[in-house]
Amino acid sequence: MRTPHVVVVMGVAGTGKTTIGPLLAARLGVPYAEGDDFHPPANIDKMSAGTPLDDADRWPWLDAIGAWAHDRAGLGGVVSCSALKRTYRDRLRTAAPGLVFVHLVGDRALIEDRMSHRQGHFMPTALLDSQFATLQPLEADEAGVPVDVSGEPEEIAERAVAALRDCDPAST
């Protein structure tokens, strides 16, 4: 399966965006971009200290991801980005119309368990509650699909590919 769409793999911290994103990109035959790489150092420092980002922190990050997605329009690509609020997704769509979102969803206990076992990541488990409090799931008029994160990464990626096959972005 190959897509000309740019797919944003979204969800709260610990859902597996960085794991599923490259697997999905490989299956779709398009490049992958790690959303965390678009954060300015000040954002990384803030999150590492256990302080949630505010909107002012997020705008330059979202704009950088949007620029990447814009440059991939018609070529396809997959980028990870929490995209927790509708306003964030709207900002991304303003930069790159036609984005399709894969919302990784899962039980809070499962996500917290996964976060507690990952190593070398700046996002502490303590910020998970703020992530869930901020999360605004995809709305009916947004091009995208929810994908359950239970199971192994390969299963989740296959679920995402299947969900994308059934998603018609032109109809949203």
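Two strands count as paired if DSSP finds at least two bridges between them. Keep that in mind while looking at this predicted model, and start with strand S1 (residues 6-10) and strand S3 (residues 77-80): they pair in the parallel sense, over four bridges. Since two bridges would be enough, these strands clearly qualify. You can pick out individual partners too: Val8 has Val79 as its bridge partner in S3, and Val7 has Val78.

S1 has another partner as well. Four bridges join it to S4, and these two strands also run parallel. Here Val8 stands opposite Phe101 in S4. Now step back to the whole sheet: five strands make it up, it is open, and the order across it is S2-S3-S1-S4-S5, with parallel pairing. At the edges sit strand S2 (32-33) and strand S5 (144-148), each of which pairs on one side only.

What about the covering of S1? This strand is mostly covered, with five of its five residues buried. Val6, Val8 and Met10 point one way from S1, while Val7 and Val9 point the other way, and all of them are buried.

H3 lies across S1, S2 and S3, and runs at about 170° to S3. Helix H7 (residues 153-166) lies across S1, strand S4 (100-105) and S5, this time running at about 155° to S5.

That brings us to the nonpolar residues. In soluble globular proteins, nonpolar side chains tend to be buried together. In this model the largest nonpolar core has 23 residues, and Cys81, Leu92, Leu99 and Phe101 are the ones that touch the most other members. S1, H3 and H4 are the elements that give two or more residues to this core, and the largest share, five residues, comes from H3. There is also a second, separate core of 22 residues, including Ala25, Val100, Val147 and Cys167.

Which residues is Phe101 in contact with, leaving aside its neighbours within four places in sequence? Among them are Val8 and Met10, and also Ala83, Arg89, Leu92, Arg93 and Leu138. Ala143, Gly144 and Val145 are in contact with Phe101 too.

Now for the aromatic rings. A search of the whole structure turns up one aromatic pair. It is formed by Trp59 and Tyr88, whose ring centres are 5.7 Å apart and whose planes are at 80°, so the pair is edge-to-face; the cut-off for that label is an angle over 60 degrees. Trp59 lies in helix H3 (residues 55-71) and Tyr88 in helix H4 (residues 86-95), so the pair ties together parts that are 29 residues apart in sequence.

Are the two residues of this pair buried or exposed? Tyr88 is buried, because its relative accessible area is 1% and the limit is under 20%. Trp59, at 25% relative accessibility, counts as partly exposed.

One last stop is Gln131, which you'll find in helix H6 (residues 128-134). With a relative accessible area of 8%, Gln131 is buried. A polar atom of the Gln131 side chain lies 2.7 Å from the backbone nitrogen of Ala13.

Methods
Residues numbered from 1 in each chain as written. Predicted model: local features only at pLDDT ≥ 70, side-chain atom pairs only at ≥ 80, totals over all residues. Heavy atoms only, no water. Phe/Tyr/Trp six-rings, centres within 6.5 Å; stacked < 30°, edge-to-face > 60°. Buried < 20%, exposed > 50% of the residue type's maximum accessible area, 1.4 Å probe, protein only. Polar contact = N/O pair within 3.5 Å; in protein donor to acceptor, adjacent residues only side chain to side chain. Contact = heavy atoms within 4.5 Å. Axes fitted to C-alpha atoms, helices over the stretch in contact; angles between N-to-C directions. Core = buried A, V, L, I, M, F, W, Y, C linked by side-chain atoms within 4.5 Å.
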